[in-house]
Amino acid sequence: YETKTFTIFDKFILSGDELKAEYAENGDDVFGTVDDVELVKKLKLSSGNLIEDQLVRLRTLQSHRDHFISWSQNAAELLTSREKRISIETLEKLAKECSNFPSATAMVQKVQNLASKASSWVESTKEILESGDKLKMEEA
């Protein structure tokens with residue numbers, strides 16, 4: 001996600017809204033002297049429905065994008081906070097949530113890498129504790 005494309009995308013949706021409004025404003029007067037008025041009315045109706053359908057899809061994408069931005073800001077805040085360390089449970093929750101987002105983004109990769117390292121550490125620590133073997137200080 002490039003933030004510079006957000007504005008372009010939002011403007012694209014706004015222009016779709018304007019086009020839809022134009023279709024609604026222009027009543028039957030746009031037909032003029034067309035011979036087959038019924039055909040033109042059907043074409044106008046179909047075009048209006050097409051615009052509306054596409055706007056619904058675009059708004060859905062916009063909603064997903066906004067959810068990703070919110071998640072990303074929250075994750076960045078949690079990971080960069082120097083006041084407290086993030087728990088493994090919180091990191092696992094972030095990793096689970098990020099599975100719905102594009103894996104190529106930096107924040108998703110960072111969360112996945114940290115979660116993987118934390119999981120490996122937990123497993124190795126669990127094995128050591130459950131083994132009952134005595135370890136030398138140098139090995140611990």
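The following legends describe close-up views of a predicted model of a single protein chain.

**View 1. Overall arrangement of the helices in the predicted chain.** The chain contains four helices and zero strands, and its elements run α-α-α-α from the N terminus on. Of its 140 residues, 19% count as buried. The chain exposes about 11100 Å², of which carbon and sulfur atoms supply 53%. Among contacts with a separation of 6 or more, residues 24 or more positions apart account for 62%.

**View 2. Helix α1 and its buried residues.** Helix α1 comprises residues 3-25. At 1.5 Å a residue, its 23 residues should span 33 Å, and the end C-alpha atoms are 34 Å apart, which agrees. Phe6, Ile13 and Gly16 are the buried residues of α1. Helix α2 is included in what covers them.

**View 3. Helix α2 along its length.** Helix α2 covers residues 37-80. Its 44 residues should span 64 Å at 1.5 Å a residue; the end C-alpha atoms lie 64 Å apart, in agreement with this value.

**View 4. Surroundings of Gln62.** Leaving aside neighbours within four places in sequence, Gln62 is in contact with Phe9, Asp10 and Ile13. The side chains of Gln62 and Asp10 are joined by a polar contact of 2.6 Å. Gln62 and Ile13 are 49 residues apart along the chain, yet their C-alpha atoms are separated by 9.1 Å. Ile13 is itself a buried residue of α1.

View 5. The buried residues of α3 are Leu91, Leu94, Ala95 and Cys98. Seen down the helix axis, these residues fall within an arc of 100 degrees, and they therefore line one face of α3. An α-helix has 3.6 residues a turn, so residues three or four places apart point the same way. The buried residues of α3 pack against α2 and α4. The face turned away from the buried side carries the exposed residues Glu89, Lys93 and Lys96.

**View 6. Thr105 in the loop between α3 and α4.** Thr105 lies in the loop that connects α3 and α4. With a relative accessible area of 10%, Thr105 is below the 20% cut-off and is therefore classed as buried. A polar atom of the Thr105 side chain lies 3.0 Å from the backbone oxygen of Pro102.

**View 7. The largest nonpolar core.** This core has 14 residues, and those with the most contacts inside it are Trp71, Ala75, Cys98, Phe101, Met107, Val108 and Val111. Helices α2, α3 and α4 each supply at least two residues of the core. The largest share, five residues, comes from α4, which covers residues 106-131. In soluble globular proteins, nonpolar side chains tend to be buried together.

**View 8. Contacts of Val111.** Val111 is among the residues with the most contacts inside the largest nonpolar core. Not counting residues up to four places away in sequence, Val111 touches Trp71, Ala75, Leu79, Leu91, Leu94, Ala95 and Cys98.

Note on methods
Residues numbered from 1 in each chain as written. Predicted model: local features only at pLDDT ≥ 70, side-chain atom pairs only at ≥ 80, totals over all residues. Heavy atoms only, no water. Core = buried A, V, L, I, M, F, W, Y, C linked by side-chain atoms within 4.5 Å. Buried < 20%, exposed > 50% of the residue type's maximum accessible area, 1.4 Å probe, protein only. Contact = heavy atoms within 4.5 Å. Areas by Shrake-Rupley, 256 points an atom, 1.4 Å probe, with all protein chains shown as cover. Polar contact = N/O pair within 3.5 Å; in protein donor to acceptor, adjacent residues only side chain to side chain. Expected span 1.5 Å × (residues − 1). Arc of directions from axis to C-beta.
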